[in-house]
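I am opening a notebook on a structure that is new to me. The entries below follow the order in which I looked things up.

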Amino acid sequence: MARVTLDSVRKEYGDTTAMDGVSFTVDDGEVVGVLGPSGCGKTTTLRSIAGFETPTAGAVRFDDADVTNVPPENRNVGLVFQEYALFDNMTVAENVAFGLKMRGVEKATRRERAADLLEMLGIGGFEDRDPTTLSGGQQQRVGLARALAIEPSILLLDEPMTGLDAKLKTRLQTEVGDLLAELDVTGLYVTHDQEEAMVMCDRVAVMNDGRVEQIGTPREIYENPVSDFVAEFVSLDPPALPFVEW
Amino acid sequence: MVAVSRRVGRPVVTALLLATVAFLIGPIVLTVIASFASSWTGVLPSGFVTLQNWREVLGLAETFGSQRSMGWDPLVTLPIGGGTTVMVPAELAFSVGLALGGVLINLVVGVPIAYAVSRYDFRGREWVNAVSILPLVPGVILGVAFLRAYPELSGTSVGLIVGYSLLKAPFMVMAVQSEFESMPLRRLEESARSLGASWPRTFLTVIVPNASSGIISGLIICWALAAAEFNFSYIVWAKGTQPLALFLQRHISNSSFTKAAAAVSMFFCIIAAVTLLLQQLGRRGFETRGH
Amino acid sequence: MTDGHASTDAPSAGRRLGAGVADVLGALYDPVTERDREYRRIAALCAPFAVLVLLAGLYPLAEVVRISVSTAQYRSLGVSFEAYATLFGDPYYRSVAFNSLWLAAGTTAVSVALAVPIAHALEKYDLPGEDLLVTLVSFPISLPGIVAAFMILVLFGNNGLVTAVVAAITGGRPLDVAFAVSVPGLFVAFVYSMVPRATLILRGTYAEVDEAAEEAAQSLGATPFETFRHVTLPQIRPGITGAIILTFRTALAIFGTLIVIQTLVVWTLQISRELGNGWNIQVAGAMATVYFLFTFLFTVLGLRYTSAEVGL
């Protein structure tokens, strides 16, 4: 795990500015939520850390190393998507062990480690299953195990709970939240769901229009919003937020 | 009027469909039946059941020897394992090989460009897409162009293989593209790369295996179309073993009706057999994965 | 080949274009950002196809265009438009062009007109054995033109089934009834090759039709025909235009069928004859050039001005 710093990151696509001078630090072992409406730049922020977008200006640092121009495959980041993106041509165990295979870990060790992770995530014994035969919640756990297997510098979660039903979501929030805390994972959790961010994250950054409006603990943000936008966005009353995709 | 549309519309459209199917498939069935008849001069073929037409077309019958001696190609002997061999007309073996060569080129050129168009956004993407899925020129024109540009090469196996691959490439690209479009390409690629796989490795070990069913169906389509390619072959072919389509045309134009029927039926069998074979390979590949 | 398109803005200033190209080449050679690396990947993915198109397509075609204006028979020398003068001046070639165009247009009209109800039945009706019907309608796509011609001989030739049945019923002689080796026979043979292709394209279009709108129309009291006319047809119109463009191209390219049923001289057959009768490569090259330009312009204009959708 590592401390990840964004230093005045700016990202432009032609005439549009997706990130307009974003700076914050995710400390070692901390999970930071990035919260905001669609189009606020939160996904671009995640992709800049992963390396899929190179900032137009500014720098991305892992601990003290500048990784701004390092390609994603050399950054050691874990990535969890909303739609899982499991490799259907491999078994569950092969999915989880894929990153270790890329690092040249030998087969027996890979398999053992995959089994341990699956056990820890409550889906032990699924090693030889075809991922397409699993339920949505099970697939999401495989996706999480796959990202954790490489012991990433930072775990990036891109709306991982969206699309799951409410009951499962609540259960996974608690489980995954506890797990991330227990493993001392450094994480960035992108979501448009303020409740999820409050439950899962140590600190929350509220973004709007390519800028970070406020960053702080959930309590600070909820009790002392610095702007009307933040106040409105973190209020737990959905009808007040017509521009959020519900 | 309202009642008429509701009452007759559907039966009429269904009848039209069935009539078209009969028009398309009827002669195929009739051809296969006629290939087992000794003559066809009345309303229906007669003199069942004889294998003589098939034996002659496949070059197994004596009478064929005289035709062979008139410049037709000899048989080739293919080992089929276990020490047994099978004799097949040289044209057949030749075309199978040519089409396989063409398909290999299609694999190498078609899958990457289909991925580029499906996965990435770039200026000129629409044009690249159009160029890759629209046939550039028909076989006749390409044949003339080959004769002019590569006079030495055009009639050889290499010339035929390269020509086939260009003519059939759009079908490969379309088949693979439709598979790619049903896959979450960006997320698959990004997941694999975040796990440490280089981009080429991601493409070869994650993207391509995940798209295998589309790739295999593209290969089947291209193989069948290349094996049957006539127009280009007719223009560029000069001497030596004939491609299968020219062999068929020779029978259609010169042989008795029932023998031509046998030749055409043999072609139907090849198309059907190869389709089954490749599907089988695809399924086995699917079942054995992960062990 | 894509990269020039992909990364240069389209300004008229040549200098900016030059600078853009230099940037792209720099990015390809030594990529710094992820976007640079992406350009390099796109270039690498398109390269094999580009090489094939260049070596097997564009270079040979360029050679053909060159020889069509050559003054020598076997070598590309000088510039002479004699072949084109022959092509546009000789009434024979005009009649060949006319044959090609009306045959292709007529068979396209018939094929697409048949393919619309067929695709409609296959996609909209819940027919028993639907998968089998789809397979049967698609099977002839893999048959070359010579086999399509043979199929017509089997039905309407001197020994053909339909010929024999009609002759038996009317009491006429089979040779008088048979029409496979005639212009109508050729027409039917073209339709045999083209209906399955047109159906394939239109089935793709039908798969994207909004069924909710159709059901809404039905529930408002529209008859099936009115629903088709006012709801379905507007949605499939781009697909129909696309099918017409592609089917027309297919029809112009047909050649094998004409070798078996030689009753009408069309453009492709004439090209082959130019080579057969004394290697008249200048005229053959000129015909190939005209053909290429015609289909290219026809396709580009068709796609540009009709909102046609091409693709399967």
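Which residue just after helix 2 of chain A takes a positive phi? I looked it up: A:Gly104, with a phi of about 75°.

Ground rules. I note that this is a predicted model, where local features need pLDDT of at least 70, side-chain atom pairs count only at pLDDT 80 or more, and totals for chains, interfaces and linings use all residues. Residues are numbered from 1 along each chain as its sequence is written, chains are lettered from A and ligands numbered from 1 in the order in which they are written, and side-chain values use heavy atoms, with hydrogens and water left out.

Chain A overall. I found 8 helices and 10 strands in chain A; these are DSSP runs (helices H or I, at least four residues; strands E, at least two), numbered from the N terminus. Of its 246 residues, 56% count as buried. Buried means under 20% relative accessible area, exposed over 50%, and partly exposed in between (1.4 Å probe, protein chains only). I also checked contacts (heavy atoms within 4.5 Å). Among those in chain A between residues at least 6 apart in sequence, 66% join residues at least 24 apart.

Helix 2 of chain A. I went back to this helix, residues 92-102, and found that 9 of its 11 residues are buried, so it is largely enclosed by the rest of the structure. The buried ones include A:Val92, A:Phe98, A:Leu100 and A:Met102. What covers them? From chain A the cover includes helix 3 (107-120) and helix 4 (136-149), and from chain B helix 8 and helix 9 (199-210).

A loop in chain A. A:Asp184 sits in the loop between helix 5 (166-183) and strand 8 (187-191). I read its relative accessible area as 48%, so A:Asp184 is partly exposed.

A loop in chain B. B:Pro184 lies between helix 7 (157-181) and helix 8 (185-194) of that chain. B:Pro184 is partly exposed, at a relative accessible area of 30%.

B:Gln249. Leaving aside neighbours within four places in sequence, I listed its contacts as B:Phe230 and B:Tyr234, together with C:Ile146 and C:Ile259 of chain C.
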